[in-house]
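Keep the picture open as you read, and look up each spot when it comes along.

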Amino acid sequence: MEEIIEFYGHPLIKALHSTTLEITKENFLTERGDCIIGIKANKACKDLKEELKEYLRRGEKVEIIIKVEDLKFSILARGDTKLNFKSDKSLVVRKSRFVCNRTLAVEANKAAKDVPRGMVDLLKEGKRGYMIIKSI
């Protein structure tokens, strides 16, 4: 099972947050958004395939690949029975077990601060990226 989300970078991307990573459908970013790695996403939690939502609600594991040009970054995480996928604005991957409307996956092994700086530089230039969510 695989889901692909397209997004774009922005000059204010910092990718410094130590416990979360976020992609949003919003078309802007503020200085405070240090977990956001992409804007103008074509999907949020609510838009994901039902098959993937059910898989994650069973607490199953996923690999989340962030791809920008020829660079790739991989995160391992899992779902949770409390996930509701109600957000129509964003997707958040968390190292913690905290769940809210925007949570895609929990217990991730990486966060925004772990994104390679070369990838962050490309995103600061506004390059297009992809989040690929794969069942394991």
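## A threonine and its contacts

Leaving aside residues up to four places away in sequence, threonine 19 touches Val93, Arg94, Lys95 and Ala111. Contact here means heavy atoms within 4.5 Å. You'll find threonine 19 in the loop between β1 (2–8) and β2 (20–24). Strands like these are DSSP runs of E with at least two residues, while helices are runs of H or I with at least four residues, and both are numbered from the N terminus.

Aspartate 34 is 15 residues from threonine 19 along the chain, and their C-alpha atoms are separated by 11 Å.

## Where the picture comes from

Keep in mind that this is a predicted model: local features need pLDDT of at least 70 and side-chain atom pairs count only at pLDDT 80 or more, though totals for chains, interfaces and linings use all residues. Residues are numbered from 1 along each chain as its sequence is written, and side-chain values use heavy atoms, with hydrogens and water left out.

Now for a sheet. Strands of a sheet pair through backbone hydrogen bonds, either parallel or antiparallel. Here four strands line up in the order β3-β2-β6-β7, forming an open sheet with mixed pairing. At the edges sit β3 (36–38) and β7 (103–105), each of which pairs on one side only. On average, neighbouring strands of this sheet are turned by 35° against each other, direction ignored. For that angle, axes are lines fitted to C-alpha atoms (for helices over the stretch in contact), and angles run from 0 to 180 degrees between N-to-C directions.

What sense of pairing joins β2 and β3? They pair in the parallel sense over two bridges; two strands count as paired if DSSP finds at least two bridges between them. With β6 (residues 90–94), β2 pairs in the antiparallel sense over five bridges. Here glutamate 22 has valine 92 in β6 as its bridge partner.

## Both faces of β2

How many residues of β2 are buried? Five of its five residues are, making β2 mostly covered. In a regular strand the side chains alternate between the two faces of the sheet. On one side of β2 you have Thr20, Glu22 and Thr24, and on the other Leu21 and Ile23; all are buried, so both faces are covered.

## Around helix α2

Further along, proline 116 is in the loop between β7 and α2 (117–124). Proline 116 has a relative accessible area of 34%, so it counts as partly exposed. Leucine 71 is 45 residues from proline 116 in sequence, yet the two are 8.8 Å apart in space, C-alpha to C-alpha.

Within α2, the buried residues are Met119, Val120, Leu122 and Leu123. Why do they end up on the same side of α2? Because they cover an arc of only 160° around the axis, the arc being that of the directions from the helix axis to the C-beta atoms. The buried residues of α2 pack against β1, β3, β4 (61–68) and β5 (71–78). Just after α2, glycine 126 takes a positive phi of about 85°.

## Salt bridges

The structure holds 16 salt bridges. A salt bridge is a side-chain nitrogen of Lys or Arg within 4 Å of a carboxyl oxygen of Asp or Glu. One of them joins arginine 57 and glutamate 54, at 2.7 Å from N to O. Both residues lie in helix α1 (residues 50–57), three residues apart, about one turn of the helix. Arginine 57 is partly exposed at 23% relative accessibility, and glutamate 54 is partly exposed at 40%.

Another salt bridge links arginine 78 with aspartate 80, where the closest N and O atoms are 3.8 Å apart. Arginine 78 counts as buried at 16% relative accessibility, and aspartate 80 is buried at 3%.

Technical notes
Buried < 20%, exposed > 50% of the residue type's maximum accessible area, 1.4 Å probe, protein only.
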